[in-house]
Amino acid sequence: MEFYKILAIVSPFISALLTGFITYNLTMKQKRFDLLYQSKIPAFKDLSVALINYKNYCLGKASLFEAMNFLLIQLKKEVPYITEQRLPNPRGKM
């Protein structure tokens, strides 16, 4: 009978400790996950910006080459003796 009286007194404290411990651990895991997720968001945004800039750079270079090829074809049609060495540099330098 003594055992059950002691168990009845101690049992709520043990269950409160277990509940607090489990809640604390799960809350800390969630906070760690949230912090990790928040720290990854700016990195992904920076990566996205870098990839978009690279894509735009590649598209710009491709369009420049296409335009130079078109210009070369047009100039050869108009003035057949113009060679590729005499074409102006697209950056403005000779």
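Me: In which helix of this predicted model is leucine 26 found?
Reply: Leucine 26 belongs to helix α1, which covers residues 2-78. The secondary structure of the protein chain amounts to one helix and zero strands.

Me: Why is leucine 26 called exposed?
Reply: The term exposed requires a relative accessible area over 50%. Leucine 26 has 54%, and therefore counts as exposed.

Me: Which nonpolar patch on the surface includes Leu26?
Reply: The patch is formed by Ile6, Ile9, Val10, Phe13, Ile14, Leu18, Phe21, Ile22 and Leu26, with about 930 Å² of accessible area together.

Me: How many aromatic pairs does a search of the whole structure find?
Reply: The search finds one aromatic pair. Its members are phenylalanine 3 and tyrosine 4.

Me: Why do phenylalanine 3 and tyrosine 4 count as exposed?
Reply: Phenylalanine 3 has a relative accessibility of 56%, and tyrosine 4 has 58%. Both values are over 50%, so each residue is exposed.

Me: What share of the 94 residues in the protein chain is buried?
Reply: Buried residues account for 4%. The accessible surface of the chain is about 8900 Å², with 68% belonging to carbon and sulfur atoms.

Key. Residues are numbered from 1 along each chain as its sequence is written. This is a predicted model: local features need pLDDT of at least 70, side-chain atom pairs count only at pLDDT 80 or more; totals for chains, interfaces and linings use all residues. Side-chain values use heavy atoms; hydrogens and water are left out. Patches are made of residues with over 30% relative accessible area and no salt bridge: like charges are joined within 9 Å, nonpolar side chains (Val, Leu, Ile, Met, Phe, Trp, Tyr) within 5 Å. Accessible areas come from the Shrake-Rupley method with a 1.4 Å probe; for residues, only the protein chains shown count as cover. A salt bridge is a side-chain nitrogen of Lys or Arg within 4 Å of a carboxyl oxygen of Asp or Glu. Helices (H or I, at least four residues) and strands (E, at least two) are DSSP runs, numbered from the N terminus. Buried means under 20% relative accessible area, exposed over 50%, partly exposed in between (1.4 Å probe, protein chains only). Rings of Phe, Tyr and Trp (its six-membered ring) pair if their centres lie within 6.5 Å; planes under 30 degrees apart count as stacked, over 60 as edge-to-face and the rest as tilted.
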